[in-house]
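Work through these exercises with the structure open beside you. Try each task before you read its solution.

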Amino acid sequence: MMVMLRLILTLSLLSSLLVITSAQTCKQQNLTANNVFTTCRDLPHLTSYLHWSYDQATGKLDIAFRHTGITSTDKWVSWAINPNNDLGSAMLGAQALVAIPQASGAPRVYTSSISNYGTSLAEGNISYPNTGLTATYQNSELTIYATLTLPSGTTSLVHLWQDGSVSGSTPQAHAMANSNTQAKETLDLVSGASQGGGSSGNSLRRRRNTHGVLNAVSWGLLMPLGAIIARYMKVFQFADPAWFYLHVTCQTSAYIVGVAGWGTGLKLGSDSAGVTYDTHRTLGIVIFCLGTLQVFALLLRPNKDHKIRFYWNIYHYLIGYSTIIISIVNIFKGFEALEASVQDRYNDWKHAYIGIIAALGGIALILEAYTWIIVIKRRKSESKTTHGVNGTNGINGYGSRPQQV
């Protein structure tokens with residue numbers, strides 16, 4: 001049993017470490033022009049990244065668009081804004097910044113207004129005033145820098161990015177693979193949140209949903225269920241020692257799934273540069289630390305007759321219930337962190353979770369009353385049998401009110 005628990009702990013910690021260290025994000029990039037931007041985003045397609053700073057009062061938007069994996073000079077790269085905010089037909093009317101690496105010297109960079117699907121990205125003026133249009137090409141990374149002036153009051157935009165081949169000096173049509181056709185999204189310039197244009201464009205949203213489900217099921221459901229099992233099943237003599245193994249299984253499963261949810265949360269944080277939820281993040285770290293302490297406590301659990309078992313029970317009780325309470329609070333913080341544009345959908349999830357927690361709470365209250373009745377009757381019966389001498393110490397709930405294990 002102890003070997004298995006140690007293995008579970010090791011695998012859980014290693015899995016969370018792998019999730020964290022495997023992430024390569026825009027935050028780790030160094031821009032060769034030494035520009036400093038307030039926000040960045042890992043774009044979901046074409047190994048591309050967008051860095052930006054935005055002054056909503058003036059409409060000034062400083063951007064650096066980076067496309068990696070450009071290994072030859074017969075490629076073109078572009079980043080564009082659709083002024084009509086039409087995500088479905090984002091290409092039509094798009095105002096593009098185009099860069100083409102050269103065999104020697106700096107890349108060719110220019111603006112292009114796209115009026116039809118058969119465009120060859122001809123050079124021309126765009127509808128946004130722009131300055132500082134430059135590009136760099138190093139280490140197979142092509143980066144476009146520019147400053148655009150957006151209409152007053154702009155808070156979000158539809159942007160798209162693309163790549164393709166070059167014949168002579170003329171850009172050719174891009175490929176029609178899914179990664180190309182879905183390389184577009186609605187971007188909130190203020191919060192950094194985005195909404196993709198297709199099923200694969202919602203990668204960040206799916207990962208956010210995965211993060212929420214993993215944590216709600218683990219810390220928010222399995223952990224309270226394990227506590228209910230430990231507190232009430234031990235009262236029934238026929239359930240010993242089955243209640244303990246059910247408790248351990250429930251809590252270790254919750255910990256493993258919770259570590260996965262915690263890891264996805266850290267990855268989401270790194271993928272959502274400029275979007276911070278300090279309270280939610282801090283509580284998540286606290287929950288992970290408390291959960292890890294509980295697992296270590298299980299590994300160091302003293303025998304029932306050990307002199308420190310009483311203090312271990314107090315420690316286990318306080319850490320366990322603190323973890324559950326903070327977890328439930330943080331799950332609701334997670335609901336609050338979701339963007340307003342999809343809040344109605346997530347309100348349904350929130351209400352469902354409230355219903356489940358209320359049901360578990362109601363069951364706990366009923367069991368609390370019922371088990372107290374059983375314990376009181378048992379103590380009276382034992383008192384008559386032993387003429388006032390306690391026959392058991394109650395450590396498994398047979399003689400007195402059960403203690404936390």
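Two strands pair if DSSP finds at least two bridges between them. Helices (H or I, at least four residues) and strands (E, at least two) are DSSP runs, numbered from the N terminus. This is a predicted model, where local features need pLDDT of at least 70, side-chain atom pairs count only at pLDDT 80 or more, and totals for chains, interfaces and linings use all residues. Residues are numbered from 1 along each chain as its sequence is written, and side-chain values use heavy atoms, with hydrogens and water left out.

**Exercise 1. Strand S5**

Task: Find the bridge partner of Trp79 in S5. Then place S5 among its neighbours.

Solution: 
- Step 1. Trp79 has Leu97 as its bridge partner in S5.
- Step 2. Strand S4 (residues 75-82) and S5 run antiparallel, joined by 5 bridges.
- Step 3. Turn to strand S6 (residues 108-113). It pairs with S5 over 6 bridges, also in the antiparallel sense. Here Val98 has Tyr110 as its partner in S6.
- Step 4. Check the cover. Buried means under 20% relative accessible area, exposed over 50%, partly exposed in between (1.4 Å probe, protein chains only). In S5 (residues 95-100), 6 of 6 residues are buried.
- Step 5. Sort the directions. Gln95, Leu97 and Ala99 point one way from S5, while Ala96, Val98 and Ile100 point the other way.

**Exercise 2. The cores**

Task: Which residues touch the most other members of the largest nonpolar core?

Solution: 
- Step 1. A nonpolar core is a set of buried Ala, Val, Leu, Ile, Met, Phe, Trp, Tyr and Cys residues joined through side-chain atoms within 4.5 Å.
- Step 2. The largest core has 27 residues, and Leu61, Ile63, Phe65 and Trp79 touch the most other members.
- Step 3. S8 (141-149) is among the elements that give two or more residues to this core. S8 gives the most, with 4 residues.
- Step 4. A second, separate core has 15 residues, including Trp76, Ala90, Val98 and Tyr110.
- Step 5. Go back to Trp79. Contact means heavy atoms within 4.5 Å. Leaving aside neighbours within four places in sequence, the contacts of Trp79 include Leu61, Ile63, Phe65 and Leu97.

**Exercise 3. Salt bridges**

Task: How many salt bridges does the structure hold? Examine three of them.

Solution: 
- Step 1. A salt bridge is a side-chain nitrogen of Lys or Arg within 4 Å of a carboxyl oxygen of Asp or Glu. The structure holds 5 salt bridges.
- Step 2. Arg108 and Glu123 meet at 3.5 Å, N to O. Arg108 lies in strand S6 and Glu123 in the loop between S6 and strand S7 (130-138), 15 residues apart. Arg108 is partly exposed because its relative accessible area is 31%. Glu123 is exposed because its value is 56%.
- Step 3. Glu368 and Arg231 meet at 3.1 Å, N to O. Glu368 is in helix H7 (residues 343-386) and Arg231 in helix H3 (residues 203-232), 137 residues apart. Both Glu368 and Arg231 are buried.
- Step 4. Glu336 and Lys333 meet at 3.9 Å, N to O. About one helical turn separates Glu336 and Lys333, because they are 3 residues apart in helix H6.

**Exercise 4. Asn330**

Task: Is Asn330 buried or exposed?

Solution: 
- Step 1. Locate Asn330 in helix H6.
- Step 2. Asn330 has 7% relative accessibility, so Asn330 counts as buried.
- Step 3. Not counting residues up to four places away in sequence, Asn330 touches Thr279, His280, Leu283, Gly284 and Ile287.
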